[in-house]
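Good morning, colleagues. Please bring up the model on the screen, and I shall take you through the chain as a whole and then its charged pairs.

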Amino acid sequence: MKLFIIAALALVAVADRPQPSYRPRPTYAAPTYAAPTYAPAPTYKPQPKYAPAPSYGHSSYKPIAILEQEDVHPGDGTYSSRFSTENGIYRSETGVPVPGYGKNAYGEAEDLYRQEGSWSYTNGYGEEVKVAFVADENGYQPSSDILPTPVPTEYPTPEVDPAYVEPQPSYGKPAYQPAYKPAYN
């Protein structure tokens, strides 16, 4: 029986071997592709007509020239920047890192600057508007005549009638109130 199994395996192995072919291998030519052709773009009849964009009183756009611009970064963390344009816009700003810049008490990165500066422009009435500001650990603090001011608080406090009784809730006191008993182990 063992001999029969070995003979069967030998026949399968011989039969599985490819037979030699004496024919030359076929050669394949490289594929060729034609350039794609596209359909012509559709034409619409009649052509749409678009109205020109409204000008709102401005006949044409004119770029505004920057008259001067300066940016200084000396490398020690401070900076200063300013520019002015021909239509009266001006901005100036300086920044200085506060003591402790870089890391806070927990070792986390922090970038606290104290920034001071101002900006101005000419409003639609021809008046110059100026705003000065300070930005530091207390936040952004602008100051200008154009900013709204809080309502004065010098108004007298109204007198309260001594006979006035504060209204009490109508639901009353709850029936069950557990007493607090701390548990110490």
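**Surface, fold and salt bridges**

The chain has an accessible surface of about 18000 Å², and carbon and sulfur atoms account for 60% of that surface. Accessible areas here come from the Shrake-Rupley method with a 1.4 Å probe, and for residues only the protein chains shown count as cover.

Before going further, a word on the basis of these values. This is a predicted model, in which local features need pLDDT of at least 70 and side-chain atom pairs count only at pLDDT 80 or more, while totals for chains, interfaces and linings use all residues. Residues are numbered from 1 along each chain as its sequence is written, and side-chain values use heavy atoms, with hydrogens and water left out.

Let me turn to the fold. Read from the N terminus, the order of elements is α-β-β-β-β-β-β-β-β.

Of the 185 residues in the chain, 9% are buried; buried means under 20% relative accessible area, exposed over 50%, and partly exposed in between, with a 1.4 Å probe and protein chains only. Among contacts with a separation of 6 or more, 17% join residues 24 or more positions apart, a contact being heavy atoms within 4.5 Å.

I come now to the charged pairs. Side chains of opposite charge can pair when their charged atoms come close. The criterion for a salt bridge is a side-chain nitrogen of Lys or Arg within 4 Å of a carboxyl oxygen of Asp or Glu. How many salt bridges does this rule give? The count is five.

One of them joins arginine 91 to glutamate 93, with the closest N and O atoms 2.4 Å apart. Arginine 91 is partly exposed at 28% relative accessibility, whereas glutamate 93 is buried at 14%.

Arginine 114 has a salt bridge to glutamate 116, at 3.1 Å from N to O. Arginine 114 is partly exposed, at 34%, and glutamate 116 is partly exposed too, at 37%.

Arginine 114 also forms a salt bridge with aspartate 136, the closest N and O atoms being 2.8 Å apart. Aspartate 136 lies in strand S7 (residues 128-136) and arginine 114 in strand S6 (residues 113-122), so this pair ties together parts that are 22 residues apart in sequence. Aspartate 136 is buried, with a relative accessible area of 16%.

Note on methods
Helix = DSSP H or I, 4+ residues; strand = E, 2+ residues; numbered from the N terminus.
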